[in-house]
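Here is a colleague's note on the chain shown below. Please read the points in order, with the structure open beside them.

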Amino acid sequence: MARWLQIAGLAIGLAGLILQFAITMPASMAAGRSLLGSVVFYFSFFTILTNIGAVLVHLASLRGAGTGLLGRFSSARMRGGVAAAIAMVMIVYVTVLAPLWQPEGLFLVCDVLLHYVTPVIYLLWWLTAGADGSTRWSDIGYWVAYPVIYLVYALARAPIAGEVPYPFLDIAANGAVGVAKSALAMTILFLVLCVIAIVADRGISGFRKAARPN
């Protein structure tokens, strides 16, 4: 089952990312962005970056990559960090972003694939095969660096590009205090998910060891 989940996660993740790129580029350029600006716009979403991470974890695990750049995505630290991040993608979308817009057509397809299907597949795989008890509490520091760096990038890009990837990061609409509160809430949520990931990783590993016949 684990291998099938990996294959499904890799295939569906790639399909969602490629399709999203294919429909985003012309729509973005039609909105006035340049070709380069449209590419930057596509890669400025936490959802896209996190789904790329999930695809790379699946690919590294399927290939048995243990060294090199791809090999880093097969480590326990990376697997656990992506689990926390992809869970956050789904939770924030369902609770905050989904009510704000109604995508149609291929945009709806991508919306479902990247915010619902790929997170569920990845988390199922991680819980059944990716969690092995190797994560450490110190890994949380590395994991939290990802959303913090992303937040800094998104806010630094905003005055240059004149746009933000997510409405809760819009200082013009929400004020600096409002954005700060949203950023703090997201950080706390991510920290909670990181703690859950560590506890789940160790708990699942302990359960497997206890279930093995002596």
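1. Helices (H or I, at least four residues) and strands (E, at least two) are DSSP runs, numbered from the N terminus. The chain has eight helices and zero strands, and from the N terminus on its elements run α-α-α-α-α-α-α-α. Ser38, discussed in the last point, lies in helix 2.

2. On the source: this is a predicted model, in which local features need pLDDT of at least 70 and side-chain atom pairs count only at pLDDT 80 or more, while totals for chains, interfaces and linings use all residues. Residues are numbered from 1 along each chain as its sequence is written, and side-chain values use heavy atoms, with hydrogens and water left out.

3. Overall form. The C-alpha trace spans about 65 × 35 × 35 Å along its principal axes. The radius of gyration is taken over C-alpha atoms, and the globule rule is 2.2 Å times the number of residues to the power 0.38. For 214 residues a compact globule would have a radius of gyration near 17 Å, and the chain's 18 Å agrees with that. Contact means heavy atoms within 4.5 Å. Among contacts between residues at least 6 apart in sequence, 76% join residues at least 24 apart.

4. A residue is buried at under 20% relative accessible area, exposed at over 50%, and partly exposed in between (1.4 Å probe, protein chains only). Buried residues make up 42% of the 214 residues. A nonpolar core is a set of buried Ala, Val, Leu, Ile, Met, Phe, Trp, Tyr and Cys residues joined through side-chain atoms within 4.5 Å. The largest such core has 49 residues, and those with the most contacts inside it are Tyr122, Trp126, Trp143, Tyr166, Phe168, Phe190 and Cys194. At least two residues of this core come from each of helix 1 (2-30), helix 2 (35-42), helix 3 (46-63), helix 5 (76-97), helix 6 (105-130), helix 7 (139-161) and helix 8 (171-211). Helix 5 supplies the largest share, 12 residues.

5. Trp126 and Asp201. Not counting residues up to four places away in sequence, Trp126 touches Arg79, Gly80, Ala83, Ala131, Ala197, Ala200 and Asp201. What does Asp201 touch, leaving aside its neighbours within four places in sequence? Asp201 is in contact with Trp126, Ala131, Asp132, Gly133, Ser134 and Thr135. Asp201 is found in helix 8, and its side chain reaches the backbone nitrogen of Gly133 at 2.9 Å.

6. Salt bridges. How many are there by this rule? The count comes to four. One of them pairs Glu163 with Arg33, the closest N and O atoms being 2.6 Å apart. Glu163 lies in the loop between helix 7 and helix 8 and Arg33 in the loop between helix 1 and helix 2, so the pair ties together parts that are 130 residues apart in sequence. Arg33 is partly exposed, at 24% relative accessibility.

7. A second pair is formed by Asp139 and Arg77, with the closest N and O atoms 2.9 Å apart. Because Asp139 lies in helix 7 and Arg77 in helix 5, the pair ties together parts 62 residues apart in sequence. Asp139 is buried at 3% relative accessibility, whereas Arg77 is partly exposed at 35%.

8. Arg79 and Asp132 also meet in a salt bridge (2.9 Å, N to O). Arg79 lies in helix 5 and Asp132 in the loop between helix 6 and helix 7, so parts 53 residues apart in sequence are tied together. Arg79 is buried, with a relative accessible area of 10%; Asp132 is partly exposed at 35%. Salt bridges that share partners also join Arg33, Arg157 and Glu163 into one network.

9. Ser38 again. Is Ser38 buried or exposed? Ser38 is buried, with a relative accessible area of 0%. Not counting residues up to four places away in sequence, Ser38 touches Met25, Ser28, Met29 and Arg33. The C-alpha atoms of Ser38 and Met25 are separated by 5.8 Å, the two residues being 13 apart along the chain.

Conventions: A polar contact is a pair of N or O atoms within 3.5 Å; within protein, one must be able to donate a hydrogen and the other to accept it, and residues adjacent in sequence count only if both atoms are side-chain atoms. A salt bridge is a side-chain nitrogen of Lys or Arg within 4 Å of a carboxyl oxygen of Asp or Glu.
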